[in-house]
Amino acid sequence: MPDTNISQSGPEWLLLTTSGRQRVGKTALLNATVQYCRSHGGRMVVINADQQNTTHSLSTFFPDARVPPASGSLEDNRAWIESEITQMVQGRYHAVLDAGGGWTGFASLAEDVPLFASLEASRVKLVGLVCVGTEQADLDYLSRNLDNGTFRPDRMVIVLNEGLVTSGRSAKGAFATVVTNPTVEAAVLGGAKIILMPALSCMSEVTDRGLTFADAAAGLVKPGQTPMSLFDPVRVREWWTKKMPAFFAQFPAGWLPVGDADVLTSVAEAS
Amino acid sequence: MEDLERVRLFRKKRIRPYRGRGEVYSWLRAHHDRVAELVPTWAWAELVQEMLRDGMRGRDGVTPTPKAVTKVWQRVQRDVEVNASAVQAKPTGGKYPSRISSDWRPEVVPQPPPSAAGSGSALVSASRPAWTPPPASVAGRPAYPLALAEPEIIRDAKGVPYDEASQAKLREMRARLFGELEKSDRGKFGP
């Protein structure tokens, strides 16, 4: 039921979130997405509900990220996410949600309520970023979620994470079964986009230091940290200034919160 | 006494050892044809008695059970079959160089007359006829039919082919992604 207090005209608000097995690069993808969008004028709230990831969690890179109460159960996590989404709808701002991998509070919520329909009615567009690696288990996870409707937003991007291709193996060979998988093809015919996210070979050098990609590309480190190698900043620069913009350019217009002149409420007010 | 009077079912044979195999295997392999003949009508227990009469013992000197011998027999049958196939596939004939006369010389193929166009190498393969051009073309098109490879039919999870528009969309998606992946591989491994 749409909230009558919310105008049914005007801009949409985007809720970006991820789906996928654990350790397929969901947080890395959201990290890059937030940094990219913010560097292009996008404004959004970062909601970090991933309680299993500490060193590389979104909170490491975005101190303004909202986090749930510590030591919460799955049900607590779910209730907290629900409240954050409610605030987002009423506060009218974009958000990026890292729900973590596996069975999460968000997955529990999505299974319990017609989440996507509820969000649509409130003018919130869910953009689902489905991270997939090279393993059959990654596809099994995707198939399950699509078949049972747990995660089947209208705006879905299947992201092939090239960073998961093992050293020495060809990317084409590694992803051949994914690209030709019937579930993936059915999703594409249903409107999903499928995009290859380029690998950054020194990703851990950046994320272990908690650096932004722009800082790493400039060769900067935080006080007390060991400097990066001579060539890693060059690699980051190539990836951040050429490859990743080409990756994000493949997103359809309106699927990323960039250049937000139309957000009605200040993101700061929502904090 | 009864055993002594019993007629031997198996002629005494030289048992050849096989690497990695025990006495039972070797015995069954040596008497393969006779065992194969008797198995349909004789009980394994009887055959085991014959083996024991020949002095065969199982692993560690323990008398093999009929069931154990059956399993070894299956392995023997498989190995004999594989061996027979290998023997059959082995090329026969041909002469070793040491058996060829020292006076033998290869047959010389006469050189073909020079071609009217005056182009191409004078060397011609001795085993293949000279290439003849295809029939004259009409209106610039070759006279022989061109057969293009049929594009792969893309099917859904149930094996049902997609309609033409969906097939085209999926082929475009595959071409785009495989192109990107190949480009990435070239960057890593070279052309």
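Two strands count as paired if DSSP finds at least two bridges between them. Helices (H or I, at least four residues) and strands (E, at least two) are DSSP runs, numbered from the N terminus. With that in hand, here is a walk through the model.

This is a predicted model, in which local features need pLDDT of at least 70, side-chain atom pairs count only at pLDDT 80 or more, and totals for chains, interfaces and linings use all residues. Residues are numbered from 1 along each chain as its sequence is written, chains are lettered from A and ligands numbered from 1 in the order in which they are written, and side-chain values use heavy atoms, with hydrogens and water left out.

**The sheet of chain A**

Strand S1 (residues 13–19) and strand S4 (residues 124–132) of chain A run parallel and are joined by seven bridges. Within this pairing, Leu16(A) has Val127(A) in S4(A) as its bridge partner. Both strands belong to an open sheet of six strands in chain A, with parallel pairing and the order S2-S3-S1-S4-S5-S6. Strand S2 (44–48) and strand S6 (193–197) of chain A form the edges; each has a single partner strand, so one side of each is left without a neighbour in the sheet. From one strand to the next, the twist averages 20°; angles run from 0 to 180 degrees between N-to-C directions, with axes being lines fitted to C-alpha atoms (for helices, over the stretch in contact).

| Residue | Phi |
|---|---|
| Arg92(A) | near 60° |
| Arg123(A) | about 65° |

As for where they sit, Arg92(A) is in the loop between helix H3 (74–91) and strand S3 (94–98) of chain A. Arg123(A) is in the loop between helix H5 (115–121) and S4 of chain A.

**Where chain A meets chain B**

Contact, meaning heavy atoms within 4.5 Å, links 20 residues of chain A with 20 residues of chain B. The area buried between the two chains is about 1700 Å², with carbon and sulfur atoms giving 65%; buried area is the accessible area (1.4 Å probe) that two parts lose on being put together, summed over both. In chain A, the residues that lose the most area to chain B are Lys172(A), Glu185(A) and Leu189(A), together 34% of what that side buries.

**Salt bridges**

A salt bridge here is a side-chain nitrogen of Lys or Arg within 4 Å of a carboxyl oxygen of Asp or Glu. The rule finds two across the interface of chain A and chain B. Lys172(A) pairs with Glu182(B) in a salt bridge (2.5 Å, N to O). Over all chains, the count comes to 19 salt bridges. Inside chain A, Glu12(A) and Arg155(A) form a salt bridge (3.1 Å, N to O). Glu12(A) lies in the segment before S1 and Arg155(A) in strand S5 (residues 155–161) of chain A, so this pair ties together parts that are 143 residues apart in sequence.
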